[in-house]
Amino acid sequence: MANVPQQIKLHRKSRELSLHYKDGREHRLPAEFLRVYSPSAEVRGHGRGQEVLQTGKLNVEIIDVKAVGNYALQLIFDDGHDSGIYSWDYLEELADQQSVLWETYLQRLNAAGASRDPDEQIVTLFDPAAKPH
């Protein structure tokens, strides 16, 4: 059975969601992290290798949190995204692997020449005279 948080707090100023457990543990998950790792099909695709890299989510905010039965949360983001259902198990997985997942995300952004900042566009210029690797 999933470890269900006893209390959930939305911290609007710091843009974080905190999960408080009966055993005293607390997980604080940034809105941007939750948005880029949304369990929705829009983000995860419909199978392995179909994930869609989320860019420009640096300033995203969670504007509402809704309970989904006794098994999950639905997070409503200010960019209109609201289709991810975050099960208790998935939220714990995100919390437990947060540093590794975040580093993976940053590496994927870098490899794609993309940015977290919605006001920034990255253009990589190639020298046509350069020999391919």
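Predicted model: local features only at pLDDT ≥ 70, side-chain atom pairs only at ≥ 80, totals over all residues.
Three residues of α4 are buried, namely Leu101, Tyr105 and Leu109. Viewed down the axis of α4, these buried residues fall within an arc of 75 degrees, and they therefore line one face of the helix. The other side of α4 carries the exposed residues Ser99, Val100, Asn110 and Ala111. The cover over the buried residues of α4 includes two further helices, α1 (31-36) and α3 (88-96). Just after α4 comes Gly113, which adopts a positive phi of about 65 degrees.

The discussion now turns to charged side chains. Side chains of opposite charge can pair when their charged atoms come close. Across the whole structure, a search finds eight salt bridges. In one of these, the side chains of Glu16 and Arg28 meet with an N to O distance of 2.9 Å. This pair links distant parts of the chain, with Glu16 in strand β2 (residues 16-20) and Arg28 in strand β3 (residues 26-30), 12 residues apart. Glu16 is buried, at a relative accessible area of 18%, where the cut-off for burial is under 20%. Arg28, by contrast, is partly exposed, with a relative accessible area of 36%.

Arg28 also takes part in a salt bridge with Glu26, at 3.4 Å from N to O. Glu26 is partly exposed, its relative accessible area being 39%.

Another salt bridge joins the side chains of Glu32 and Arg116, with an N to O distance of 2.5 Å. Because Glu32 lies in helix α1 and Arg116 in the segment after α4, the pair ties together parts that are 84 residues apart in sequence. Helix α1 is thus present in both accounts: it is included in what covers the buried residues of α4, and it holds Glu32. Glu32 is buried, with a relative accessible area of 7%, whereas Arg116 counts as partly exposed at 28% relative accessibility.

Finally, salt bridges also form a network in this model, linking Arg35, Glu42, Lys57 and Asp79.

Key:
Residues numbered from 1 in each chain as written. Heavy atoms only, no water. Buried < 20%, exposed > 50% of the residue type's maximum accessible area, 1.4 Å probe, protein only. Helix = DSSP H or I, 4+ residues; strand = E, 2+ residues; numbered from the N terminus. Arc of directions from axis to C-beta. Contact = heavy atoms within 4.5 Å. Salt bridge = Lys/Arg side-chain N within 4 Å of Asp/Glu carboxyl O.
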